[in-house]
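User: Hello! I am new to this structure and would like to learn how to read its features one at a time. Could you guide me through it?

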Amino acid sequence: MRIGILASTGGMLDSFFIEIAQSWRSYGHAVSFAAGSPMVSDQATLIPGLSRRPDPRTLRALAGLRQWSEGEALDVIVTNSATASALVRLAGTRAPVVYFCHGLHWNDLRSIGDRVWPVIERMLLPRTAGVISLNSDDQAWFAGRIESRRRLHLSAGVGLDLARYPVRDLPGGPLRLCWIGEFSPRKRPHLALDTAAELQRRGIDFHLEMLGEGVFRAQIQAEISDRGLSGCVTADGPGDAAAVLTDSHALVHTAQWEGLPRVMLESLAIGRGSYAFDVKGVRDIPLAQLSVDGDAVQLATLIASDWESGRLRRPLDFDRDLLDYSHGADGIRQFLPSFIHTVSSRSNRRREPHVE
């Protein structure tokens, strides 16, 4: 097979698809990347006009997507991220398009945006050869609209290179927590501060390290000082997520919704539990301790209870091999050939072996 992998930015490809592409290449398949910005770890065809956020100018990408598909003689395109996946399905490529859905872009349908995206996605389904879902909510949405043979569900998502996330002993001393993500409206870092304030009120000796960048970081830094949290919370910017997880007893996650939060899988792989809200995508993470959405007091109560009982000082009982990227790579590799209908009729191309 000649497989194209498309995302809005090269960074998305770097983050999610390098190990999977290497696995596919080891089986003799050709893999071509494309995005609106360069990759760091591989070569990607740059698609002019393609970006992370939808914009009238992104329609320029339609021609570039067709040129990429034809120039690479692709048999199938695997697309992820909302903008890129919508555009490539509108582009009308000869290669069938499989939507690797890292998270349908709506949650509870209360906002205008949440009501618009389902309409767009329903319009694009006739142009969608197959879908890959990562969480139970998205899986249920697609199940009512696409027959089972065209659907694949990956409970561990793209998976992880477990060699990068070795299990380490839990730290000693006071409670250490971390929050890792983008300081953005959807990630809701302010709720992490609310959780920290409640832990402080309860007299818990702890430190919360907030790792990441984004529009809210300066505001969060100011709020840490204003709320008297300077002695127990830091937000110094980006850093080494694996190292911070290793130095923590648990991860705090406050997103409004997710596809399948990779950082929570990373935490699980290292042997650290997660505390989060019961929202789409997050509720699918094994062993996650969940509170009512937005209830930081309840979240802090869960953390304090598990710390005081000693639960957070004990190793997790979980088969981390289930998180290995090989499961996702093999599952998709076996899923894709069913969408290739014209390979045998292309006289100018060597016939690729069918993958069982």
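Analyst: Gladly! Let us begin with a term for rings: those of Phe, Tyr and Trp (its six-membered ring) pair if their centres lie within 6.5 Å. With that in hand, Tyr99, Trp141 and Phe142 are linked by ring pairs into a cluster. Please keep in mind that this is a predicted model.

User: How many aromatic pairs does a search of the whole structure find?

Analyst: The search finds five aromatic pairs. One of them joins phenylalanine 17 and phenylalanine 100, an edge-to-face pair with 5.5 Å centre to centre and 90° between the planes.

User: Which parts does that pair of phenylalanine 17 and phenylalanine 100 tie together?

Analyst: Phenylalanine 17 sits in the loop between helix H1 (10–16) and H2, while phenylalanine 100 belongs to strand E5 (residues 97–100), so the pair connects parts that are 83 residues apart in sequence.

User: Are phenylalanine 17 and phenylalanine 100 buried or exposed?

Analyst: For this we need a cut-off: buried means under 20% relative accessible area. Phenylalanine 17 has 0% relative accessibility, so it counts as buried. Phenylalanine 100 is also at 0% and therefore counts as buried.

User: What about the rings of tyrosine 99 and phenylalanine 142?

Analyst: An angle over 60 degrees between the planes counts as edge-to-face. The planes of tyrosine 99 and phenylalanine 142 are at 90°, with the ring centres 6.5 Å apart, so this pair is edge-to-face. Because tyrosine 99 lies in strand E5 and phenylalanine 142 in helix H6, the pair ties together parts 43 residues apart in sequence. Tyrosine 99 is buried, with a relative accessible area of 4%, and phenylalanine 142 is buried at 1%.

User: Which residues of helix H6 are buried?

Analyst: Helix H6 covers residues 136–143, and Asp138, Trp141 and Phe142 are buried there. They span an arc of only 95° around the axis, which means that they are on the same side of H6.

User: And which residue caps the N-terminal end of H6?

Analyst: That is asparagine 135: one of its side-chain oxygens lies 3.1 Å from the backbone nitrogen of aspartate 137.

User: Now to empty space. How can one find it inside a model?

Analyst: The general idea is that rolling a probe the size of a water molecule over the atoms shows where empty space is left. In this structure there are two cavities of 30 Å³ or more.

User: Which residues line the largest cavity?

Analyst: Its lining includes Ala82, Ser85, Ala86, Arg89, Tyr99 and Trp117, so we meet Tyr99 of strand E5 here again. H4 and H5 each supply at least two residues of this lining, and H4 gives the most, with four residues. By class, the lining of the largest cavity has seven nonpolar, two polar and two charged residues.

User: How does the lining of the second largest cavity divide by class?

Analyst: It divides into five nonpolar, one polar and three charged residues. Among the residues of that lining are Phe16, Glu19, Arg262 and Tyr325.

User: What is the volume of the second largest pocket, and which residues lie nearest its centre?

Analyst: A pocket is an open set of points, whereas a probe in a cavity cannot get out. The second largest pocket has a volume of about 230 Å³. Of its 13 lining residues, Pro54, Ala86, Leu90, Trp117 and Ile120 lie nearest the centre. Helix H4 (82–91) and helix H5 (112–124) are the elements that give two or more residues to this lining. The largest share, five residues, comes from H4. Sorted by class, the lining of this pocket has ten nonpolar, two polar and one charged residues.

User: Let us finish with the loops. Where is histidine 29 found?

Analyst: Histidine 29 is in the loop between helix H2 (18–26) and strand E2 (30–35). With a relative accessible area of 4%, histidine 29 is buried. A polar atom of its side chain lies 3.0 Å from the backbone nitrogen of methionine 1.

User: What is the phi of alanine 73?

Analyst: Alanine 73 has a phi near 50°, a positive value in a residue other than glycine. Alanine 73 sits in the loop between helix H3 (61–71) and strand E4 (76–79), and at 25% relative accessibility it counts as partly exposed.

Notes:
Residues numbered from 1 in each chain as written. Predicted model: local features only at pLDDT ≥ 70, side-chain atom pairs only at ≥ 80, totals over all residues. Heavy atoms only, no water. Buried < 20%, exposed > 50% of the residue type's maximum accessible area, 1.4 Å probe, protein only. Arc of directions from axis to C-beta. Polar contact = N/O pair within 3.5 Å; in protein donor to acceptor, adjacent residues only side chain to side chain. 1 Å grid on protein atoms, 1.4 Å probe; cavity = no way out; pocket = protein on both sides within 12 Å on 5 of 7 lines; lining within 4 Å. Points joined across faces, edges and corners; volume = space filled by probe spheres on them. Nonpolar A, V, L, I, M, F, W, Y, C, P; charged D, E, K, R; others polar. Phe/Tyr/Trp six-rings, centres within 6.5 Å; stacked < 30°, edge-to-face > 60°.
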